[in-house]
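Please read this briefing alongside the sequence and the 3D structure. The points are grouped by topic.

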Amino acid sequence: MAKRIDVSGLSAYYGSHRAIDDISMTVEPRSVTAFIGPSGCGKSTFLRTLNRMHEVTPGGRVEGKVLLDDENLYGPNVDPVAVRRTVGMVFQRPNPFPTMSIFDNVAAGLRLNGTVRKSELADVVERSLKGANLWNEVKDRLNKPGSGLSGGQQQRLCIARAIAVEPDVLLMDEPCSALDPISTLAIEDLIGELKERFTIVIVTHNMQQAARVSDRTAFFNLAAVGQPGKLIEIDETERIFSNPSVQATEDYISGRFG
Amino acid sequence: MASTTPTDTPPAPPLSPRSGTSTGRAGDKIFSGLSKGSGILLLVIMASIAGFLTYRAAIAISKDEGNFLTTFDWNASADPPVFGIAVLLVGTVISSIVAMVIAVPIAVGIALFISHYAPRRLAAPIAYIVDLLAAVPSIIYGIWGAIVLVPYLAGLNLWLDQYFAWTYIFDQTQPGVARNMLTVGILLAIMILPIVTSVSREVFLQVPRMNEEAALALGATRWEVIRLSVLPFGRSGVISASMLGLGRALGETMAVATVLSPSYLMSLHLLDPGGGTFAQNIAAKFGEANGVGRDALIASGLVLFVLTLLVNGAARLIIARRKEYSGANA
Ligand SMILES: Nc1ncnc2c1ncn2[C@@H]1O[C@H](COP(=O)(O)OP(=O)(O)OP(=O)(O)O)[C@@H](O)[C@H]1O
Ligand SMILES: [Mg+2]
């Protein structure tokens, strides 16, 4: 069930390098929040702190708090594996399990959670593929490998895999950057549908995309190369794109960056 | 992308570097002639060796009073010569299978530990030590096997025979010390462990980060990441690693010759002393063999050669298929 994310004082490090500094923000449930900002400002790093994926990178370390409703993801007794089961993630490059069938790809998360009944799996797989707008294209070849699909289909397969476990939050890191415009539109439509059920955070370099899909937009920036990235502002998307309160945001959006 | 128009074609290369090119061409010619020549020479040498071996083997087999494939005994230097490879073939295959069954799971375990569990400062030394095992000469393994392993395994043999005789393979029907196929298999397993481990480790390290993150992001534990991403990706690599190990186990000579007390009894009971392998039999008999005796050993060597060739061919086939597969997914 969709949950609110409440971040306070969050910094993330790669070894001794601080990649993002002191970020605080709130992400509303059942909404789409877009992260924009120049390359290297720490959007991916920040996104990955929200499901504790940052710490799987060698040297990765996080300070600060991330509350999911009222539970601190970085609390002392929290198992990162359990966090990742409730905060799903979709990556920039589609990454279905290459040797697994389409069915098994979607069922993978459920099986990890202990669901083994064939009929139950089949139900969820169908529901998730329908939810990802992929069902009609693959229903006749569920037993074929997922790597045989087109890039856009693979990305929707990854979305189906992520939503099959009914996560509280869905994180997407540039989910369309490897896709053609038609597949991109398909996924943007899908995001619009999914926000009825999930809290969605999406990183994008595409301003139009941020404007089209998101309710709120967060702009990140860094003072100079090698400096940590910071959250400059977060606001209603409409406002960010029409009348942002910080000059740097306006410069970036209107292409006057750097 | 600008469409290519005639004006886009690069101008013809200037004339000045021509001279350099022509010596380059002469060099090319000499080099290609040399490499072609040595390639052909190699083929000729190979063909003449194969021809020689086949010729001598054919002579031996034509003089064989027994059946080359089904006779148990090996009295090739007697008159008339009676010999067959049945015991040797079975012994070679069985000892290698035992070695694989023991070595592959352990090697995969070590490789996974090195690539995915051990902290970096532990992983490198462990990998190094395993690689070091490959540097030990096989005669040393043989001596160690005969002096340490054989007496040490006596207890294991008793225990296996007592509780697992019902499995047939662990039923000891002949008394004797542990100079048997199980001991040989264990020794071979230790010997092929390094190659299987290091090839598997390389494959496991090549698993694309994004494949592992796919599993991690679903909430997979470390073991589940291995099951979902690492093992499926590495499967064909492990198979070819095992084949390489198998190729080595099939041809191992000195270690087997030192540990086994050879006999020409056909037995599928691993604990029964005796049996033999192609390589061990050749090493044991070649010195005292006469003309036909030597030719007979050559014939058995030829069979081993073909067997090894088949195994290596299969390994190569799997590796090639794997390349195709990863190329299609790149
Ligand atoms: N694995 C890593 N090891 C060390 N430093 C890293 C690593 N990944 C990212 N960084 C550094 O962290 C900073 C933020 O990187 P990040 O990938 O989060 O940026 P980003 O905003 O997602 O950029 P992009 O828009 O190009 O994806 C950069 O300075 C980058 O060099
Ligand atoms: Mg990024």
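Predicted model: local features only at pLDDT ≥ 70, side-chain atom pairs only at ≥ 80, totals over all residues.

Residues are numbered from 1 along each chain as its sequence is written, chains are lettered from A and ligands numbered from 1 in the order in which they are written, and side-chain values use heavy atoms, with hydrogens and water left out.

**Ligand 1**

- Ligand 1 is surrounded by 13 residues, where a residue is near a molecule if one of its heavy atoms lies within 4 Å of it.
- The closest of these residues are A:Ser39, A:Lys43, A:Ser44, A:Thr45 and A:His205.
- By type, the shell around ligand 1 holds three nonpolar, eight polar and two charged residues; Ala, Val, Leu, Ile, Met, Phe, Trp, Tyr, Cys and Pro count as nonpolar, Asp, Glu, Lys and Arg as charged, and the others, Gly among them, as polar.
- In the side chain of A:Tyr14, an N or O atom is 3.3 Å from a nitrogen atom of ligand 1; a polar contact is a pair of N or O atoms within 3.5 Å.
- Strand S2 (17-27) and helix H1 (43-49) of chain A are the elements that give two or more residues to the shell; helices (H or I, at least four residues) and strands (E, at least two) are DSSP runs, numbered from the N terminus.
- H1(A) gives the most to the shell around ligand 1, with three residues.

**Helices of chain A**

- Helix H4 (residues 118-131) of chain A has 14 residues and should span 20 Å at 1.5 Å a residue, which agrees with the 20 Å between its end C-alpha atoms; the expected span is 1.5 Å times one less than the number of residues.
- The buried residues of H4(A) are A:Leu121, A:Val124, A:Val125, A:Ser128, A:Leu129 and A:Gly131; buried means under 20% relative accessible area, exposed over 50%, and partly exposed in between (1.4 Å probe, protein chains only).
- These residues lie on the same side of H4(A), because they cover an arc of only 150 degrees around the axis; the arc is that of the directions from the helix axis to the C-beta atoms.
- Helix H7 (residues 181-194) of chain A also has 14 residues, and its 20 Å from first to last C-alpha is close to the 20 Å expected.
- In H7(A), the buried residues are A:Ser183, A:Thr184, A:Ile187, A:Glu188, A:Leu190, A:Ile191 and A:Leu194.
- Their arc of only 160 degrees around the axis puts them on the same side of H7(A).
- Exposed residues A:Pro181 and A:Ile182 are on the face of H7(A) turned away from its buried side.

**Chain B**

- Chain B contains ten helices and two strands, in the sequence pattern α-β-β-α-α-α-α-α-α-α-α-α.
- Of the 330 residues in chain B, 40% are buried.
- Helix H3 (residues 120-133) of chain B reaches 21 Å from its first C-alpha to its last, close to the 20 Å expected for its 14 residues.
- B:Ala123, B:Ala127 and B:Val130 are the buried residues of H3(B).
- They share the same side of H3(B), because their arc around the axis is only 65 degrees.
- Turned away from that buried side is a face with the exposed residues B:Arg121, B:Tyr128 and B:Ile129.

**Backbone exceptions**

- Most residues other than glycine have a negative phi, and most peptide bonds are trans.
- B:Asp79 and B:Pro80 are joined by a cis peptide bond, with omega about 0 degrees.
- B:Pro80 sits in the loop between strand S1 (74-75) and strand S2 (82-83) of chain B.
- A:Arg30, not a glycine, has a positive phi of about 50 degrees, and is placed in the loop between S2 and strand S3 (32-36) of chain A.
- A:Arg30 is partly exposed, with a relative accessible area of 47%.

Key. Polar contact = N/O pair within 3.5 Å; in protein donor to acceptor, adjacent residues only side chain to side chain.
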